[in-house]
Number of protein chains: 2
Amino acid sequence: MALIVQKYGGTSVGSVERIEAVAAKVKGWRDQGHDVIVVVSAMSGETNRLVELARQIQDRPVPRELDVLLSTGEQVTIALLSMALNKLGCAARSYTGHQVHIRTDSTHNKARILDIDDKRIRHDLDQGRIVVVAGFQGMDEEGNITTLGRGGSDTSAVALAAALKADECQIYTDVDGVYTTDPRVVPEARRLERITFEEMLEMASLGSKVLQIRSVEFAGKYNVPLRVLSSFEEGEGTLITYEEEEMEEALISGIAFNRDEAKLTIVGVPDQPGVASKILSPIGKSNIEVDMIIQNVGADGTTDFTFTVHRNDYGKALAVLEQTKQELGAREVSGDNKIVKISLVGVGMRSHAGIAGTMFEALANEGINIRMISTSEIKISVVVDEKYLELGVRALHSAFGLDDKQK
Amino acid sequence: MALIVQKYGGTSVGSVERIEAVAAKVKGWRDQGHDVIVVVSAMSGETNRLVELARQIQDRPVPRELDVLLSTGEQVTIALLSMALNKLGCAARSYTGHQVHIRTDSTHNKARILDIDDKRIRHDLDQGRIVVVAGFQGMDEEGNITTLGRGGSDTSAVALAAALKADECQIYTDVDGVYTTDPRVVPEARRLERITFEEMLEMASLGSKVLQIRSVEFAGKYNVPLRVLSSFEEGEGTLITYEEEEMEEALISGIAFNRDEAKLTIVGVPDQPGVASKILSPIGKSNIEVDMIIQNVGADGTTDFTFTVHRNDYGKALAVLEQTKQELGAREVSGDNKIVKISLVGVGMRSHAGIAGTMFEALANEGINIRMISTSEIKISVVVDEKYLELGVRALHSAFGLDDKQK
């Protein structure tokens, strides 16, 4: 008998019928003798409906009041799911974030969980009840309602699993697990049975949207085994845990990519200490987030400095950089917003040489020109022209033996 | 400068536009220097929408979970109204029943308020904020969400006014006050400037649906001056308070009536002690509420026993009474569900003789036959045939000088 925290997202609870299907799934686990805590999101569409109501009043609704408003979405779901469970003969009780003391800081609309009081939940579990908790919400020290930001229900589930030392935190979603890459790009993409927290973080930060990054960080920090699985199909999903011996065998877990990139270069900057900061500080002050950064020193005592930003920030970043060019006496500013980033991710690459060579060779064989390279301990990223995205991902997927031979 | 509690019902907050109109109204009071606490209901239609969702799962939803569900309706309104107030430059904060500790008993779906902790609200008022509180809801001793039953927002407002010793509790609704009788029946009906709690209770219990009876009782008990006024029009409305000297002048405050009546008679019951109880106990056990009761003792040692019930319960009551007839050896059971009750209400009648005489004469002049009579200290009710309702009400309205001469 285990203690399991399950989280069902908006699509999984998008209608009364689906809520009843979730109840049946939960009952299945309960019938196997497990203690179950269920965390739910608002029914799909509900949060948008509420935001729209607020927008009719204020373009930027008062954050405190927006939280009071939005938190009703999950509250509706917990009540309906508890009714559905009771209908199936499962004693169940619903709780708002407030009621089970999910204490957060006071940053309305994107609060962080500080602490959870598990007393009430433990009591209900001891009485044999299923506990249904509203995701995405908490309360601050003064008792104000807070929300964790979109997707925060994943974080709620992991935080509850950590606080109650659950055996597993299961995130039910509309995909049946984490894949070696996006199956829409590579039909041979394979579901991974296991992946490490670090790999998952890299995959998530690279645009693989299965899980919220914060929830993975949280799960890693508190060592909560996370499992991603489908609300609509049977299956084992993908387990996200710490690295284990047997996992060493896999060199590469997956190939992530990100279409939302743009790169900017400032050429011929006099190479002096503090140049990087002089270039990037104005960018940061304009609230533009920088991703990859590369600096080459040329023979003539000047340096070229290249970085990537989100494609939406491209125009703004160009304007800032033109200003910087004047100030630093640089030669030229150039940019390209038709680029993408492709990354190999795998803890296995730590102890294996030659991964980068294989990667570059596979891309060269397809005539794909690499525009930037950046590496970390468990990831190699390249920037290539947008038009090569699919070709590049498929070539790498095949070169590293990730294709599902059964398809 | 006064402390005012205002309550706006579902129709008054039925759309974003109406919520913004309420905000403007509230700001008007604030600008006059008053401290304002606003209690709101769910947007009209919202509670029904939520009940419908629940009904799709369970015919009789688990009461605890129904409260979790329904309480979201008011929570949406408090957030939107606070946003609208902030938009107008009025600092405002919204609170659920939970957050301001509106403590109730644990009778889910129709809980009773036990206590309110005014600390948080006082603090906000001291800071110059308008406080917006969700009506209709509270929490029990264990922190479970409770609701007060439909119309409970009036009770919330009065309870808050009592707890904070407010100078006035204003109930905004879709009528502009309490009338001498229903203006749809008597076009000359006049808005009352004042009425006593007792009179209001009689009017309300007789089908005049302006206020919830519980909220009037509550206001009377804690001596909270209540004012009924319109959300949509300007005006002073009607003030409901304790009797004052000047009020003695009005003999009759209003004429109430109730179309939902049916009467039943059991004839020729052996007149023994305990007969009334033997007749009424089975009725009560069938969950039928009895209104007027009359018993006449005949010359032959038997008695006739007549009472009225809600028209919907007529068939059920007849069946119960047939059974009782057998048991008591009574002669006959008869009934009539085409009757109505008309009542004169007024504290003034206490000290004036001849009111009943004037009443019966006015009805006789119109050829209206009185079928039953029942009196209390501030009320005289008669039962007449349904077809005489309008004629009777108009005759009495005119006979007691209630007509608005300006119309």
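Guide: Helices (H or I, at least four residues) and strands (E, at least two) are DSSP runs, numbered from the N terminus. This is a predicted model, in which local features need pLDDT of at least 70, side-chain atom pairs count only at pLDDT 80 or more, and totals for chains, interfaces and linings use all residues. Residues are numbered from 1 along each chain as its sequence is written, and chains are lettered from A and ligands numbered from 1 in the order in which they are written.

Visitor: What is the order of the open sheet of 6 strands in chain B?

Guide: The order is β14-β15-β13-β16-β18-β17, with antiparallel pairing. β14 (290-297) and β17 (370-376) of chain B each have a single partner strand, so they stand at the edges, with one side lacking a neighbour in the sheet. Neighbouring strands are turned by 30° against each other on average, direction ignored.

Visitor: How do you know that β13 (residues 254-270) and β16 (residues 332-345) of chain B pair?

Guide: Two strands pair if DSSP finds at least two bridges between them. β13(B) and β16(B) have 11 bridges, in the antiparallel sense, and therefore meet the definition. Thr265(B) has Ser334(B) as its bridge partner in β16(B).

Visitor: How many bridges join β14(B) to β15(B)?

Guide: There are 6 bridges, and these strands run antiparallel. Thr306(B) in β15(B) is opposite Ile294(B).

How values were computed: Axes are lines fitted to C-alpha atoms, for helices over the stretch in contact, and angles run from 0 to 180 degrees between N-to-C directions.
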